[in-house]
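Subject: Handing over a structure

Hello,

Here is the structure I promised to pass on to you. Have a look at it first, and then read on for what turned up in it.

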Amino acid sequence: MRLKINNLKLIIKNIAYLAILSIFGVNQIEAQDIIEDTEKEEEIEVAEVSVDSLKPFERIKIDGVAAVIGEHVILDSDIAVAYQQLISEGVSKEDVSRCELAGSLFESKLYAHHAVQDSVIVSDGEVNSMVDQQLSYMTRELGTLEKVLKFYKKDDIDEFRKELFEINKSNRLSEQMRSKIIEEVEITPEEVREFFDDIPEDERPLFGTELELAQIVIEPKVPDEEEQKVIDRLKQFRTDIVESGSSFATKAVLYSQDPGSKSKGGKYTLNRQTPFAKEFKDIAFSLQEGEVSEPFKTDFGWHIVQLDKVRGEEIDVRHILLVPEVTRTSIEGAKKLVDSIRTSIVDGKIGFKEAARQFSDEKETKEDGGQLLNPTTGDTRFELTKIDPILYDQVSKLKTNEVSLVIPDQDRQGRKKFKLITVLNRYDEHIADYAKDYLKIQELALRKKQIEAIRKWQEEKINDTYIKLNGEYRDCEYSGNWLKKDK
């Protein structure tokens with residue numbers, strides 16, 4: 001049987017729904033983990049139910065429950081919030097229905113439920129690190145932690161952290177379970193060819209214009225005297241703490257320039273897998289409880305760290321971050337340097353890649369001549385219509401090998417830097433070609449096979465799991481047999 005284009009679209013659509021929870025992330029409020037029975041309607045406010053008073057799998061009557069998946073409850077409000085969040089982010093109402101979104105949430109909870117059953121482990125340290133990073137990002141975007149709480153209508157930071165923790169842990173369990181299901185799924189070249197050949201020629205996908213890009217990044221140098229000022233100040237903090245008994249937490253609140261931990265006294269919980277700078281983890285895990293490190297440097301600035309507590313593979317630490325100032329003279333020097341580099345490239349005195357290797361301050365791309373990797377696909381091509389809007393404005397009108405004007409930018413601490421970008425190769429819009437687009441076709445074929453593996457797993461687990469759907473969600477048509485109808 002030949003594969004029709006609507007089936008291909010369904011594959012791509014299903015791929016999108018596998019990641020749909022990450023779109024609305026922190027705005028989803030986790031439902032309380034209780035089980036309900038709605039054979040009879042009874043008005044009970046959710047807020048009045050004490051979760052602690054319930055035993056596992058204890059059934060209660062509760063209003064506003066859309067579904068129960070294993071030990072997880074999905075409220076009507078969860079689906080409503082997720083739907084409104086997608087619409088607010090520009091997703092068309094025609095592209096996603098409440099039924100489709102509900103089905104995606106059901107899948108997520110099914111994964112999370114069986115992740116626990118299968119002893120999939122997500123450490124509290126990993127989840128706390130995710131929460132810390134989210135709060136840091138929110139604080140940077142909104143200005144202060146108080147504004148964050150106001151925006152999300154929360155009165156207490158501990159309450160908000162707890163909600164974020166539960167959301168992230170459930171989502172991480174779901175991700176881990178999905179990964180476990182598909183980790184051994186592989187695709188052979190023969191299967192890729194068969195997948196491609198099954199698509200009628202007049203229905204093969206259209207791949208948009210793609211670019212291969214490279215960039216040179218020039219950062220203003222921090223003067224040695226500014227670095228030394230920061231080091232000396234951190235050494236004085238350490239002396240005050242170690243010798244005079246000053247509070248590390250108080251100094252972090254007053255002086256640290258890390259918005260993600262400043263308000264909680266510089267505290268982080270981490271393990272060896274937590275995505276922190278290697279230098280930071282190396283120092284943190286080398287300390288004894290109560291010990292305070294000497295000043296050390298990461299890409300974020302200069303730190304001192306105190307080890308608060310060791311809990312198995314996790315540790316609680318506090319840190320103070322200070323960022324050396326970049327002077328106006330340094331900024332002007334960097335601007336002159338990037339201007340001269342651009343002139344040399346345009347005049348043909350040096351190639352872009354060679355200039356990147358010699359002058360670029362971006363460690364990740366320097367050795368590859370400044371060539372960028374697409375973080376979504378892992379390859380070197382960027383589809384023009386899906387590129388970051390800021391990057392789109394910078395490169396969409398560039399011809400192959402043309403060098404952009406100097407682009408002002410800033411690093412994670414808000415310090416100014418400068419960029420040059422060029423288009424290494426341009427691949428114009430075209431119908432899928434097996435030889436030219438093998439990697440993309442291979443990815444589509446693999447995703448199709450992964451989706452089939454996930455659907456098979458779902459069919460088995462749906463039958464083995466307590467599931468109850470209520471109200472309008474019993475009338476939806478789902479890809480999974482959530483209503484457990486006889487086939």
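In strand β13, V423 is the bridge partner of L213. This is a predicted model, so please read everything below with that in mind. Another place to look along β13 is R426, which stands opposite L211.

Strand β13 also pairs with strand β12 (residues 407–410), again antiparallel, through 4 bridges. There you will find D409 opposite K417 of β13.

Put together, these strands belong to an open sheet of 4 strands, with the order β11-β6-β13-β12 and antiparallel pairing. Which strands are at the edges? They are β11 (381–383) and β12, each of which pairs on one side only. On average, neighbouring strands in this sheet are turned by 50° against each other, leaving direction aside. As a bit of background, the strands of a sheet pair through backbone hydrogen bonds, and they can do so in parallel or antiparallel fashion.

Helix α13 (residues 352–359) lies across β6 and β13, and its direction is at about 35° to β6.

What does the side chain of H430 make a polar contact with? Its partner is the side chain of D437, at 2.8 Å. Setting aside neighbours within four places in sequence, H430 is in contact with P205, L206 and F207, as well as with D437.

Finally, there is a helix pair to look at. Helix α5 (residues 124–142) packs with helix α7 (residues 157–182) at an angle of about 120°, and their axes are 9 Å apart. That angle makes α5 oblique to α7. The two helices cross in a right-handed way. On the α5 side, the contact is made by D124, E126, V127, N128, M130, V131, D132, Q134, L135 and M138, while α7 brings I157, F160, R161, L164, F165, N168, K169 and R172. Sorted by class, this contact has 9 nonpolar, 3 polar and 6 charged residues.

I hope this helps you find your way around. Enjoy exploring!

Best wishes

Key. Residues are numbered from 1 along each chain as its sequence is written. This is a predicted model: local features need pLDDT of at least 70, side-chain atom pairs count only at pLDDT 80 or more; totals for chains, interfaces and linings use all residues. Side-chain values use heavy atoms; hydrogens and water are left out. Axes are lines fitted to C-alpha atoms, for helices over the stretch in contact, and angles run from 0 to 180 degrees between N-to-C directions. Angles under 35 degrees count as roughly parallel, over 145 as roughly antiparallel, 65 to 115 as roughly perpendicular and the rest as oblique. A crossing is left-handed if the near helix is turned anticlockwise from the far one by less than a right angle, and right-handed if clockwise. Contact means heavy atoms within 4.5 Å. Ala, Val, Leu, Ile, Met, Phe, Trp, Tyr, Cys and Pro count as nonpolar, Asp, Glu, Lys and Arg as charged, and the others, Gly among them, as polar. Two strands pair if DSSP finds at least two bridges between them. A polar contact is a pair of N or O atoms within 3.5 Å; within protein, one must be able to donate a hydrogen and the other to accept it, and residues adjacent in sequence count only if both atoms are side-chain atoms.
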